[in-house]
Structure formats: structure tokens, C-alpha cells
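Subject: Structure for you to look through

Hello,

Here is the structure I promised. Please open it first, then read my notes below.

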Amino acid sequence: MCGIVGYIGSRDAYPILNEGLIALEYRGYDSSGIALVDKGKMTIYKTKGKVNNLKTLVDKKNAKGTIGIAHTRWATHGVPSNVNAHPHTDCKNRIALVHNGIIENYTILKEQLKKEGVTFKSETDTEVLAQLVGKYYKGDLVEAVLAALDIVEGTYGIAVVAADNPDILVGARRGSPLVVGLGDDDKEFYLASDASAIVRHTKRVIYLKDNNLVVLTRDSHQIMDLDKKILSHEVHHIDFDASTLAKGGFDHFMLKEIFEQPETVKNAMRGRLIVEDGTARLDGLNLVMQELRQINRIIFAACGTSWHAALVGEYMIEEIAGVSVEVEYASEFRYRNPIIDSQTLVFVISQSGETADTLAALREAQRRGATVLGICNMVGSSIARESHGGVYLHAGPEIGVASTKAFTSQITVLALLTLLLGRMRRISHSDGVTIAKALEDIPDQIKKILKQNDSIKEIAKKYSRHDNFMYLGRSFNFPVALEGALKLKEISYIHAEGYAAAEMKHGPIALIDKDMPSVVIALKDSIYDKVISNIQEVKARGGKIIAIANEGDREIKKHAHHVIYIPKTIDMLSPLLSVIPLQLLAYHIAAQRGCEIDQPRNLAKSVTVE
Ligand code: AGP
């Protein structure tokens, strides 16, 4: 997804901006660019491909300027190309602008501007905004930006500079995150779409709210609304540093994050799991116990991996707490006519807290009077701020585009919620204690699975040339089958289908042959025998089986070509363990194929467009 960095101060802007762009690479992008202002002159460098290409380009020049803006673009309007890369300028090259989001009325505005004699260079919606600012610019950049924003529809996070005004950097946001960094002695300032771009320089930040505009000079910062009313603001302290973002000795962030899971799962339950009472406390929900007791329906809205976690949550809450749950794709929910009454509680689940569809679902639910709670990882994210309350994952920044540790942390939080709701309703103290103790054991059990990394890599080597995979699971592990398939396809570009094992015979079984291996989660639970029958159906068609089975299961070897053993836990928590080998398998298959694991093609870490 697109990323923004801006700097104004007394130091050379280029190294700071370049470093910021590198920090934003994890978000996914296809081109990048920088605008620097020096002595009344604006210089723009932009190029398709990696930030390193941009560096090669800029290093050949004498890039000067103590004010500048930079961008990584993820194409939405117009192909990835040098011309479509940001910054965009007005036709007089006085204004440079970078933009995250989408200008929805850009076609009409572009036609109007063309009639007025403006010539466009790119196919982007962003250039329309740059041209508008240029049109209104009469020496006052703030006025020009406000006038342009007044007529655009859609979403934006922007940073703007003017060639003849080297002492002012303007930013604004509506629906696309923007954070201001306060530098040394408040004599230099940063602007970024994501704090990780500036955390090396400052830990003091201000998160802009929608319809905020920020004016940064070399010794001041001012936040206002779009009517120029000055707003007060809170300065937050970022609690992660640059070293947290490094790969920590692993080849890829994804692998590092898979290996962090014993710790991140522990962090998700720290201070929340009350083993002796067999329950959990989730203070951030901001709901009094009475309210929680009264709800009789929960809606989960989420996308991708977070949606898979929500499905696990549905199985857990319905089974244990007896509360009816519906899981919705956030992208569908926002345009449906969902039924929400006073006893319905809506949860949105999002690692980034910035996913546009999930944010829109949150707003739609709020519009309908629902209490909306967020389960998020990113502190201070839009979803975290806009929901009525919620639970943080505390998983630390997840850099790999393929979500891994966020998934297990989400399930951990959902297990805590299940315990809390269950103990208010129908589970006994001793059953609660059994669940709580099982949850407490999970981090060590994950550690045990991670020790099999090498043997999973060997299996991956055998199968890395296959072009189609089937993933099968049932009950609590049906969503894990979906997640395993998603992991494989997003990082290795292999076609993979995830199915509820018994559903396979209703169509997808037609795909099975010797070239389509099946990864089957076959745990020793109440439906073990049924899953074994599903395995037989695959084998009868020549399909190879990689089984995820419980330690001590002697029978499974007879049915599967390869077995990855995991420790036994209670059924509802088994996804926390069964997903680990699937993450590793996907990782090693992708590594064997030489794929760009942390930034797979066509994907972005945080999807902030519709
Ligand atoms: C997962 O590996 C994905 N890359 C993707 O499906 C992701 O989970 C989805 O876009 C939702 O993101 P969020 O949790 O940040 O809202």
C-alpha cells in the first residue's frame, strides 16, 4: 500500500526520506519518488520498482534541500510506471504532492481542468489534486490546499510542498492515516503515513484525525480542521523502536514473525487470563458486565486472515459460550443491510487497524446504533480510535505481508472473549479453569512445533514444484484450512483451495489427482474418523496426503504420505497449534521457489483502499 514520508528542518532531507521509504517498503508498493525543495527550486526524482532504483537515480545527482516529501506507490489508477509514480506536480511545477487514498470525483475534475487548459502527464487521480492545489496557489499553500480539498471527494492522506515556499510543509487526512513526528527541540518535523517510517528519528508523534490539516514549518506545527479552526492535539509516545523492526537474524520478516508466536501469544493473554477463576478480564471493552450479559448475538466483520480468525471465534463462542455469532466479510457488510438490534455486539478485527473495508464496516455498524469493538494490533490506528472500545493484540509490528503472528494473537484474544462470555453464561468454574490452563500451555506447545522447522522444510522441498494444493480441515480447523491455503497462495503464487473436508466431495474432489497434494488437519478429536474417511477419498483419486496430526497418533501414518505432529490441546484451541506447520510449509515452499516472501507481488500489507 502507498506510503508517505515528509521532512522539514535544518538537515538534508534526502537521507531521511530515503530511510523512511525503506522502512515503508514492507507495506507493498510498485514505484517510489521524492520531491526536494532548495533555493526556490523543486527537484523531483521518481521511478518504477524498488526504492533502491530510486536511490541509484538520486545518488547520481546532487540532491539538496532541507524540506521534502516522498512516496511509495501501489497502483490504483494507472499502471505502475515512472510517470504515474508520486510526487505529482501542477503544470507550472510549483507544487508537489504525494497522496494515499482515492479521489473519487477525479474524472469530472480532470475534464474541468482540461477545459481550463491544464495538461496532464499521468493517469492518476492524484495528479488532479496536485493540479487543483496549483490552480488555487497564489502564494499561500494552506489556502490552496484547503480550496482543493473542498472540492475533492474520496479519501486522502497527503503531503504538499511549494517550490517558492521552502519553509512550509502541509499535510492533511481523510480516511488515510497520517502521523506527525516532533523532532529535536521542536525544530524539525516529520510526516508519515505510518510511524515506522520516522521512528528512527522521533518517538513523539501526533496522530492526525480525519479532516485534519497540519502546517509544519522549521519551528512550529499547527493542526487545524478544514475550516481553519486551530485544534488541540495529544502527543503520543511510540513504544517500539527501529531494532524491533529488523529481521532479527531470520531471512525474512515472515519467518521471524512465525518464530515470535510463543511470545506474542503470551503477550496477548498477559494480565488478561485469570487461571484460578477460569475466566478472563478484557478491560478495554469498556462494557460493564451487565451489558455483556445482555447481548445475544455477535457480528464479526473482518478481511483476509483476520476473517479466518473471526471464523475460529465463531466456532469457539457458539460452542462454549452459547452466543450466536455471524462472521461477515467487512467488504460485504458495508454494502448490505445488516440487522443489528440492541442485543447485538459488533466486533471488527484487523491487524493494521487501517483496512478500508473494515473501517467502513465499523462506521456502518455505528451508524446503525451498534456498539462496535475493535480487535487490533496497531495502537492508535483508525479502527482502534474509532471503535467504542476493544482489545489490542500486543503482537508488535507485523512486517511480513502474509499475516502470521497476528492470526494466532487474534485467536488468543477471541479465546479470552469466549472464556469471559462463557463463564457469564453456561460454563462451570472447573471447565473455565480447564480452558484457561490449556491456553496457558499454548506458547510452549508452539515452541515444540517450531522445533520441527527443518523437517517441515524437507517436506516443502518435495512439494515446491506442484502448482495446485488442497487444504482440508473440519470444525475448529476448517478456518485453519482456509488460512493455510491463503498463506500458500499469497507468498508462493501457487493455486491453493481451502475446504471443509467433507464439503470437498461436493465438487472440488474433481480437481484431485496425483499432482494435487492435500494438506489435511486430522487431529484426534470428535471427528477424527470422519476426517480419515475424507483422506481416503483423496487417496482413492491418487492424491498425496500431508497430514497435521496429534503426537501419539499411531494410526495416521497408515493413511498419510507425510505427517507433521503437533501436541494435543483442547479442541477449541487446536487452531493455535495446527496453523503453525501450515505457516512454515507455505514459507518454505515459497522460499524454495525463490519468491519475494515479505513483499509478494500485487499485495499490500495494509489495504487502505476499497
Ligand atoms: C493476510 O496474510 C493478508 N495479507 C490479508 O488477508 C490481511 O489479513 C487482510 O488484508 C486484513 O488485514 P488487517 O488484519 O490489517 O485488517
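Start with the lining of the second largest pocket: eight of its residues are nonpolar, 10 are polar and five are charged. Bear in mind that this is a predicted model.

The second largest pocket holds about 470 Å³ of space. Its lining has 23 residues, and Cys-303, Gly-304, Ala-604, Lys-605 and Val-607 are the closest to its centre. Four elements each give the lining at least two residues: α10, β19 (344–350), α12 (356–367) and α17.

What takes up this space? The ligand does: its space is the second largest pocket. Two elements give two or more residues to the shell around the ligand, namely α10 (304–321) and α17 (478–492). The largest share is from α10, with three residues.

Now look at the ligand's neighbours. The ligand is surrounded by 13 residues. Ser-306, Ser-350, Ser-352, Thr-355 and Glu-490 are the closest. By class, the shell has three nonpolar, eight polar and two charged residues.

- Thr-305: a backbone N or O atom lies 3.1 Å from a ligand oxygen atom.
- Lys-487: a side-chain N or O atom is 3.0 Å from an oxygen atom of the ligand.
- Glu-490: a side-chain N or O atom is 2.3 Å from an oxygen atom of the ligand.

How much of the ligand does the protein cover? On its own, the ligand has 410 Å² of accessible area, and the protein covers 91% of that.

Next, the cavities. The structure has four cavities of 30 Å³ or more.

The largest cavity has a volume of about 70 Å³. It is lined by 13 residues, and the closest to its centre are Arg-73, Thr-76, His-86, Asp-125 and Thr-126. Three residues of this lining are nonpolar, eight are polar and two are charged.

The second largest cavity contains about 60 Å³ of space. Its lining includes Leu-523, Lys-524, Asp-525, Asn-550 and Ile-566. Pro-567, Lys-568, Thr-569 and Asp-571 line it too, as do Ser-574 and Leu-577. By class, this lining has four nonpolar, three polar and four charged residues.

Best wishes

How values were computed
Residues numbered from 1 in each chain as written. Predicted model: local features only at pLDDT ≥ 70, side-chain atom pairs only at ≥ 80, totals over all residues. Heavy atoms only, no water. Near = heavy atom within 4 Å. Polar contact = N/O pair within 3.5 Å; in protein donor to acceptor, adjacent residues only side chain to side chain. Areas by Shrake-Rupley, 256 points an atom, 1.4 Å probe, with all protein chains shown as cover. 1 Å grid on protein atoms, 1.4 Å probe; cavity = no way out; pocket = protein on both sides within 12 Å on 5 of 7 lines; lining within 4 Å. Sits in = over half its atoms within 2 Å of the grid points. Nonpolar A, V, L, I, M, F, W, Y, C, P; charged D, E, K, R; others polar. Points joined across faces, edges and corners; volume = space filled by probe spheres on them.
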